[in-house]
Amino acid sequence: MSRIHNAFTALMGIPTPIVAAPMAGASGGALAAQTSAAGAFGFVGAGYLTPSRIQDELSLARAQLLLSDEDPLPIGVGYLAWKLEKDPSSGVDLLDVSLSNRVQAIWLAFGNSINRWIEYIRSYDASSGRERKTLIFVQVSSVKEALIAIQEWKVDVLVAQGSESGGHGYSATPPLLTLVPSILAVLPKDGPPLLAAGGLSTGGHVASLLVLGVSGVVLGTRFLVTEESCYNEVQKNVLVMASGNAYRTLDWPEGVDGRAIYNKTVQDVDGGVDIKTVQENFNKATQDKDPDRMLVWAGTGVDLVTEIQTAQDVVREIVADMMKHLSFVSTLIAT
């Protein structure tokens, strides 16, 4: 496999600057492990999992990577910071599972006290005598958030999430091609590597963002449609069959949106159907795996996802496509 050398790949010790996002309900230990095994970097989405369930996923990843319990684990775990903040003592328990497993990285997003958890992770590392510190990824959606993460929290990796992302995001977030240059303009030369996330599915997408100046790219929807994803076959097939107008942004309270496949559940909301009826129909659809009403998160790049593959095949295909586009860029420079 061709290698990309930059600040991010050097920090992570990987050959390719591709990250599989920590998606709640989809990114388990198998997906994280196989992504990392292919030379990219995979995350488990802790989401709403209990400590024991997180341990199960980390044990699965460890087994697939043929690692002993004493070995560091070359994957990450992503946490919803608001979930940690809801019950701080339980939040500590959730983090401790990952830290005791010596995962390489922890991703934090959507919280009001993210600095609290960064301090806890740093303190845990110091007290445990960990040889290499846990790398902290923080997701941001504005220049203001980026500056706080860089200057005050001293994060290891910054993730810029554009409005094109599937799943949750802030409604005021600008498109990725506006957000990334805005953050790059204020990013110090010795600042953390910047990753781009939102609507990205192909090697061409990765190449274009690298040329723009980021150090890596995060893909979500592309990894939802893998054999290792925790999505069920109905959800995967919905994504593969999604058409150009199949997705839209759903409004959530307090400025947070959720981007998913547009279906009958959303049609009912738009049509003014009583919310209790909508919820009852949705719960039944989830139980019955009804593709017309169940929730299927997806970013704007879903149209470019056309088949179910293994995570390793996805990484290899993206890398080959990325290198082709980067080689083409070099031919545009006249000497």
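Q: What share of the 335 residues of the chain counts as buried?
A: In this predicted model, 52% of the 335 residues count as buried, where buried stands for a relative accessible area under 20%. The chain has 14 helices and 11 strands, and residues 24 or more positions apart account for 66% of its contacts with a separation of 6 or more.

Q: What makes Ser-27 buried or exposed?
A: Ser-27 has a relative accessibility of 5%, and the cut-off for a buried residue is under 20%, so Ser-27 counts as buried. Its place is in the loop between β1 (18-20) and α2 (29-37), where, leaving out residues up to four places away in sequence, Ser-27 touches Ala-21, Pro-22, Phe-43, Val-44 and Gly-45.

Q: What makes α3 roughly parallel to α5?
A: The axes of α3 and α5 (residues 88-100) come within 9 Å and cross at roughly 15 degrees. Since the cut-off for roughly parallel is an angle under 35 degrees, the crossing makes α3 roughly parallel to α5. The contact is made by Pro-51, Ile-54, Gln-55 and Leu-58 of α3, together with Asp-93, Leu-94, Val-97 and Ser-98 of α5. These residues divide into 5 nonpolar, 2 polar and 1 charged, and the crossing of the two helices is right-handed.

Q: How do you know that Gly-220 is buried?
A: Gly-220 has a relative accessibility of 16%, which is to be set against the cut-off of under 20%, and Gly-220 therefore counts as buried. The residue is found in the loop between β9 (216-219) and α10. Not counting residues up to four places away in sequence, Gly-220 touches Ala-21 and Met-23. Gly-220 and Ser-201 are 19 residues apart in sequence, while the C-alpha to C-alpha separation of the pair is 8.1 Å.

Q: Why does Leu-66 count as exposed, whereas Arg-102 is called partly exposed?
A: Leu-66 has a relative accessibility of 77%, and because exposed means over 50%, Leu-66 counts as exposed. Arg-102 has a relative accessible area of 32%, a value between the cut-offs of 20% and 50%, so Arg-102 is partly exposed.

Q: What is the phi of Leu-66, and what is the phi of Arg-102?
A: Most residues other than glycine have a negative phi. Leu-66, however, which is not a glycine, has a positive phi of about 60 degrees, and Arg-102, also a residue other than glycine, has a positive phi near 55 degrees. Leu-66 is found in the loop between α3 and β3, and Arg-102 lies in the loop between α5 and β4 (103-109).

Q: Which residues have the most contacts inside the largest nonpolar core?
A: That core has 88 residues, and those with the most contacts inside it are Leu-58, Tyr-79, Leu-108, Phe-137, Val-138, Leu-158 and Phe-223. To take one of them, Phe-137 is in contact with residues that include Phe-8, Met-12, Phe-43, Trp-107, Leu-108 and Leu-195, its neighbours within four places in sequence being left aside.

Methods:
Residues numbered from 1 in each chain as written. Predicted model: local features only at pLDDT ≥ 70, side-chain atom pairs only at ≥ 80, totals over all residues. Heavy atoms only, no water. Helix = DSSP H or I, 4+ residues; strand = E, 2+ residues; numbered from the N terminus. Buried < 20%, exposed > 50% of the residue type's maximum accessible area, 1.4 Å probe, protein only. Contact = heavy atoms within 4.5 Å. Core = buried A, V, L, I, M, F, W, Y, C linked by side-chain atoms within 4.5 Å. Axes fitted to C-alpha atoms, helices over the stretch in contact; angles between N-to-C directions. Parallel < 35°, antiparallel > 145°, perpendicular 65-115°, else oblique. Left-handed = near helix turned anticlockwise from the far one by under 90°. Nonpolar A, V, L, I, M, F, W, Y, C, P; charged D, E, K, R; others polar.
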